[in-house]
Amino acid sequence: MSDSRHRLRSLLAITYLNGVVPIRTQPLYLVNILASPLSFLFFIVIASHGVFLPEAVGGGMILMMLSMGTSVQTDMTHYRQDLKFQDVMVASPIEAPIYVAGLALSELVYALPGLFVFLLIWIAEGWANPQSALVLTGVLLLSWAFASALGFTLATYFEDVRETFVFSPLISLALSVLPPVYYPITALPAMWRPLAYLSPTTYAADLIHGAMGLGAPPLLAAGIDWLVLIAFTVALVVLAAYKARWREP
Amino acid sequence: MSAAIEARGLSKRYAKGREAALSEVSLSIPPGAVYGLIGRNGAGKTTFIRICATQLLPSAGDLRVLGFDVRGEERKIRERIACVPQESRPLYFLNVWELVYLYLKMRGLDAVESRRRTTNVLDELGLSEVKGTLVNRLSGGMRRRAMVAMVLASDAEILFLDEPTTGLDPIARREVWGAIRRASREKRTVLLTTHYLDEAEALSARLALLEKGRLLLEGPPSELRGRVRLPYRVTVQGSFLPSELERFGQVSDVEGGHLVFAQEGAARELAMLALSRGAKVSMGPVSLEDIFMEVVGRSIEDDAPAAEAT
């Protein structure tokens, strides 16, 4: 498939197939993806007596984007190993990036109700303004892109869908629970803070918290946050493009 | 006319130290007909079809599909092929219509063309009545037929069908055969793998027999009979001792009598002798199962794996 119109059709068809049709048979998919972020939000707000509400809202939105990645990972492994759907796709004009992008976009459909809930809180708390909207959109898109690329890369190596049940919580722990996504980095002991900067979500959270007025990072620091976040995303997308196994060796 | 698929010395080894799943296979698949690949489990059929369908890289040798090299020109190949992999299942949340229609959309066809092709293929394969039914509520045969309909509706020049009827009951198998015959009528190339010999014989214009990754026999089913040493089978019941029959050919016991594989002249002589003694006798050319037994030395139903990988 060489022309871009064909690619777009292909992309939209995959998005519709994996993002809209399943909801018709099981509407609870829409609620499922909300479960973890809302649980964290609830727990953190209760435990901090509302003090960490902004961090919990920002963190919840980042966790939702990471959940997209783990969903891509599970769907792809299931489709490849159990249904042989990926083999059907490989032996067709559908290109690997279109397949991944379609699945990743379809996961966004599931995230819409959750994002809606968080955006309502965002607006109700008075954090919404043009600048914060831009930052939020950019950070969430980048988080969605790197999480999906990571999910795709891992999925092409898994031999069984049960392996994703092992990796998904680990990824979630490493990228959203341990780094300062749900809490300010200042809550970490100083000796642990450098470690937090190994996670791209630390930079994402820093930018979102800044957009919410939680001690916005200085201009230089914000620039570095964007740079690192973009670099992580590009690296993972390139890794997905080169290392992921579309055709088996 | 140039070959649809041309393999030269094609080999595949999944890992060092493991037996080769395919070993120097050379064959030429003509365009516009059903080509059957037969062999026991693990013979290398799936490995061959997966390399042709650009899902798997070969270890050595050359393979060209529609004139394009599977190494480096896979995009050009993928635009022209469609595949129903072994043990593949449709996405459970789709109905039959969506399965076909969305597959065509994913392949880049526009909505009008996709709708037209979907309607046509469902009508032709008798699936229109279940078009709104979720695929996981269909019988196994209907589900496989829907998968075949999906690739049949595409504009692919070559269809790869890897064991499309495995596990289906005889009626369901016939339903899938109808779909494959439809592709054949359209002069599309179909590469079919199966371990049902009756299926291979009923559908294929040419056959290749694989065992332990090696190509043992290749040609039209009618010609394959001429390649075996003893091309006739005679079954006699009563009034013969096995020792009496040995001069005619290769003798084995069957229920209530003896089966003799023989040359044509010897087969006729034995048949006449049996008739003169009033024994029950039947004579005919060997079946594909007989050929398989003679060439491979064991039945295709023998479940012991032929190699480590399929």
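User: What is the accessible surface of chain B, and what part of it belongs to carbon and sulfur atoms?

Analyst: In this predicted model, the accessible surface of chain B comes to about 13100 Å², and 49% of that belongs to carbon and sulfur atoms; such areas come from the Shrake-Rupley method with a 1.4 Å probe. Residues are numbered from 1 along each chain as its sequence is written, and chains are lettered from A in the order in which they are written. Because the model is predicted, local features need pLDDT of at least 70 and side-chain atom pairs count only at pLDDT 80 or more, while totals for chains, interfaces and linings use all residues, and side-chain values use heavy atoms, with hydrogens and water left out.

User: Why is the meeting of B:Arg50 and A:Glu248 called a salt bridge?

Analyst: The term asks for a side-chain nitrogen of Lys or Arg within 4 Å of a carboxyl oxygen of Asp or Glu. Across the interface of chain B and chain A, five salt bridges are found.

User: How many residues of chain B are in contact with chain A, and what area is buried between the chains?

Analyst: Contact means heavy atoms within 4.5 Å, and by that rule 38 residues of chain B touch 34 residues of chain A. Buried area is the accessible area (1.4 Å probe) that two parts lose on being put together, summed over both; here this is about 3100 Å², of which carbon and sulfur atoms give 60%. B:Leu91, B:Phe93 and B:Met106 supply 23% of the area that chain B buries against chain A, more than any other three residues.
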